[in-house]
Amino acid sequence: MEFLNIALTFPTAIFSTLLLIVIGFWSIALLGFADIDMLEGDVDVDVGESDSGSLGFGGVPLTVSLSLAIVISWFCSFYAHKFFAYLLGDGVMFYVLGIAMMLGCFFVSLLVTAILVKPLRKFFQSKEAASKSDFIGLECVIATGKVTTSFGQGKVQINGTEQLIEIRCDEDKAFSLGDIAVLIEHNDVANTYTVVEKPW
């Protein structure tokens, strides 16, 4: 009973709600109805300096970073609430100090998450590199009115799914919406693909 009282009382209730969303998302992901890269990109949050360099959690999918941060925030908030609830007081001060506790727990979770995700980066980076190389040689359908050296998007079918990617080409290549092009190279810096006209 005490567990539910704490979990469903402010400020822990905020993290409890987020935790339920995280559990729901990963349940759907395990069933194959969601991709852990669905939010695209990653988070790169610098939260301090140490002897080992900047603490951050870039290099992993946003869903992984957020999930870890929310889970850790919930645990921090639950036990902070359990042992220090008497410090929150009553009335307006209860919510003011509760918000302060919530923010403090979230900040601690960022520090811990930054440490936990570091060994995970190599796994996601190798997966990302492999997936990018898998695109080379595939056809894509131009999804924008034109493609230039600085603008353009294309739709690619891979592993049974359609993905929208950033594409670029030489200025003398006149692509328009609906045209078919071939991906020949990936630019790691800009995260774009170079396309050429379909040779057949």
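Two strands pair if DSSP finds at least two bridges between them. Strands here are DSSP runs (E, at least two residues), helices are runs of H or I of at least four, and both are numbered from the N terminus.

## About the model

This is a predicted model, in which local features need pLDDT of at least 70, side-chain atom pairs count only at pLDDT 80 or more, and totals for chains, interfaces and linings use all residues. Residues are numbered from 1 along each chain as its sequence is written, and side-chain values use heavy atoms, with hydrogens and water left out.

## The barrel

Let's start with the strands. Five of them form a closed barrel in the order S3-S4-S5-S7-S6, and the pairing is mixed. On average, neighbouring strands of this sheet are turned by 55 degrees against each other, direction ignored.

Strands S4 (residues 153-158) and S5 (residues 161-168) are antiparallel partners, joined over six bridges. Within this pair, Ile 158 stands opposite Thr 161 in S5.

## Two nonpolar cores

A nonpolar core is a set of buried Ala, Val, Leu, Ile, Met, Phe, Trp, Tyr and Cys residues joined through side-chain atoms within 4.5 Å. Buried means under 20% relative accessible area, exposed over 50%, and partly exposed in between (1.4 Å probe, protein chains only). The largest core has 14 residues, and Cys 140, Ile 167, Leu 183 and Val 195 have the most contacts inside it. Two or more residues come from each of S3 (139-142), S4, S5, S6 (180-187) and S7 (192-197).

Another core, of 13 residues, lies apart from the largest one; among its members are Leu 19, Ala 80, Phe 94 and Met 102.

## Aromatic pairs

Rings of Phe, Tyr and Trp (its six-membered ring) pair if their centres lie within 6.5 Å; planes under 30 degrees apart count as stacked, over 60 as edge-to-face and the rest as tilted. The structure holds eleven such pairs. Phe 3 and Phe 78 have ring centres 5.3 Å apart and planes at 45 degrees, so this pair is tilted. The two residues sit 75 residues apart, Phe 3 in helix H1 (residues 2-7) and Phe 78 in helix H3 (residues 62-84). Phe 3 is partly exposed at 45% relative accessible area, whereas Phe 78 is buried at 7%.

Phe 94 and Tyr 95 make an edge-to-face pair, 5.2 Å centre to centre with 90 degrees between the planes. Phe 94 counts as buried at 17% relative accessibility, and Tyr 95 as partly exposed at 48%.

Terms used. Axes are lines fitted to C-alpha atoms, for helices over the stretch in contact, and angles run from 0 to 180 degrees between N-to-C directions.
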